[in-house]
Amino acid sequence: MRREGSVRSAALGATPPAFAERAAPAWWRWVPSRVATFCLVELQKLSHDRTELFTRAVQPVLWMLIFGETSTACTRSRPADSPIWTSWRRGSSPSRASFVSIFYGIQIIWERDAGVLTKLLVTPTPRCALIIGKGFAAGIRSLAQVVVVLVLSAILGVTLSTNPLHILAALLIVMLGSAFFACLSMTIAGGGCSGATA
Amino acid sequence: MAVRRLLGCVPQQLSIEAALTGRENVAWFARLFDVPRAQRGARVADALDAMGLTEGADRLVGTYSGGMVRRLELAQALVNRPALFVLVEPTIGLDPIARDGVWRRVEGLRAQTGMTVLLTTHYMEEAQALCDRIALMHHGTIRAQGTPAQLRDGLGGGATLEDVFREYTGSGRDGEDAKGGLGEIRRTRRDAARVR
């Protein structure tokens with residue numbers, strides 16, 4: 001066996017179970033901590049690789065520019081205060097959020113195959129915290145999509161509320177809705193995996 | 001949860017987030033293991049340093065070689081300073097140089113920290129090089145266990161560990177059918193493809 005210089009790390013050479021001896025944090029600290037961790041990881045992934053953001057943005061852009069334009073032309077008789085754009089935008093945000101979060105949740109199947117899930121389950125993370133954390137991470141992905149829709153809507157001249165509370169409430173609803181759909185798809189995917197294993 | 005705090009685990013598959021840097025991957029697990037925020041940065045740096053990954057720590061993992069990915073997984077599992085370190089076929093799909101690098105790191109860690117390392121492998125040379133005690137398993141049961149010397153001496157006549165393996169796990173088609181099935185080959189090929 002080829003030998004090179006010895007491994008050096010004074011800190012690793014200390015008593016091994018230093019952290020293991022620490023008291024476990026209270027359950028009410030686990031969930032926010034894990035949610036924040038998974039959301040941070042998702043933000044880091046997005047900051048490094050924006051390909052998925054752009055490719056997924058194609059669909060709402062098509063809907064709003066092509067189908068929206070066509071529908072507007074076909075419904076000239078609609079009242080002036082209810083343009084078709086508004087309806088498209090209202091529909092686009094939740095549909096994008098639900099698509100993104102459902103797909104994100106289903107990815108747990110591949111994570112299981114790749115061994116990522118095994119590693120996560122070895123950490124002191126309760127399963128419910130893991131699922132909730134991943135659910136809110138899906139929310140981060142969805143928010144990125146919703147921002148694309150909102151920017152596009154503003155460019156197209158759709159009337160938007162500028163009240164910060166309204167915008168915050170909308171983002172919160174998107175986040176919670178995405179978490180719900182991601183949890184739902186993870187549950188279904190998990191059930192499918194268990195069935196396949198059995 | 002208390003038991004999980006004592007564990008470090010490296011699964012058989014290469015299970016690293018390729019869209020994150022090496023440092024971010026290790027920091028992710030430091031957070032999941034509740035490493036205190038004040039010590040997190042130093043812990044992550046120590047784990048990366050111990051695995052010889054300091055230089056490439058801020059590069060995306062997608063640019064790493066198979067051996068570097070495997071060492072990064074070791075760093076991820078070590079950031080908690082586990083008392084029991086579980087390695088599931090850590091060198092599968094690696095070339096001899098990368099495999100040698102993983103062996104060297106595992107040996108170094110064991111010598112430094114005194115932690116218990118539980119290693120599963122199909123490579124007898126790996127077991128010979130790394131293990132103080134070996135348990136040979138077949139069809140879910142332990143068929144033989146002892147130090148490498150004890151197992152070899154048990155057969156006598158200058159037997160190698162591979163001879164011992166054949167003796168206890170069946171040298172005929174029985175063993176091949178059990179471990180070399182289509183599913184096993186597919187998994188191995190998929191892992192090898194991910195390493196490349």
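In which order do the strands of the open sheet in chain B stand, and is the pairing parallel or antiparallel? I found three strands in the order E1-E2-E3, with parallel pairing. Strands, like helices, are DSSP runs numbered from the N terminus (at least two residues of E for a strand, at least four of H or I for a helix), and two strands pair if DSSP finds at least two bridges between them.

**Entry 1: basis.** I noted that this is a predicted model, in which local features need pLDDT of at least 70 and side-chain atom pairs count only at pLDDT 80 or more, while totals for chains, interfaces and linings use all residues. Residues are numbered from 1 along each chain as its sequence is written, and chains are lettered from A and ligands numbered from 1 in the order in which they are written.

Entry 2: I recorded E1 (7-10) and E3 (116-120) of chain B as the edge strands, each pairing on one side only. The twist averages 15 degrees from one strand to the next. Between E2 (residues 84-88) and E3 of chain B I noted five bridges, and B:Phe85 stands opposite B:Val117 in E3(B). Helix H3 (residues 66-78) of chain B lies across E1 and E2, at about 165 degrees to E1(B). Angles run from 0 to 180 degrees between N-to-C directions, and axes are lines fitted to C-alpha atoms, for helices over the stretch in contact.

**Entry 3: H3 and H4.** I looked up how H3(B) packs with helix H4 (residues 96-113) of chain B: the angle is about 20 degrees and the axes are 8 Å apart. That makes H3(B) roughly parallel to H4(B) (angles under 35 degrees count as roughly parallel, over 145 as roughly antiparallel, 65 to 115 as roughly perpendicular and the rest as oblique). The residues of H3(B) that meet H4(B) include B:Leu74 and B:Leu78, and those of H4(B) include B:Val102 and B:Leu109. Contact here requires C-beta atoms, placed from the backbone, to lie within 7 Å.

**Entry 4: H1 and H2.** In chain B, helix H1 (residues 22-32) packs with helix H2 (residues 37-50) at about 125 degrees, the axes being 9 Å apart. H1(B) is therefore oblique to H2(B).

**Entry 5: confidence in chain A.** I read a mean pLDDT of 74 for chain A, with 69% of its residues at 70 or more; pLDDT is the predictor's confidence in each residue, from 0 to 100. Over residues 1-11 of chain A the pLDDT is below 50, and over residues 13-20 of chain A it stays under 50.

How values were computed: Contact = placed C-beta atoms within 7 Å.
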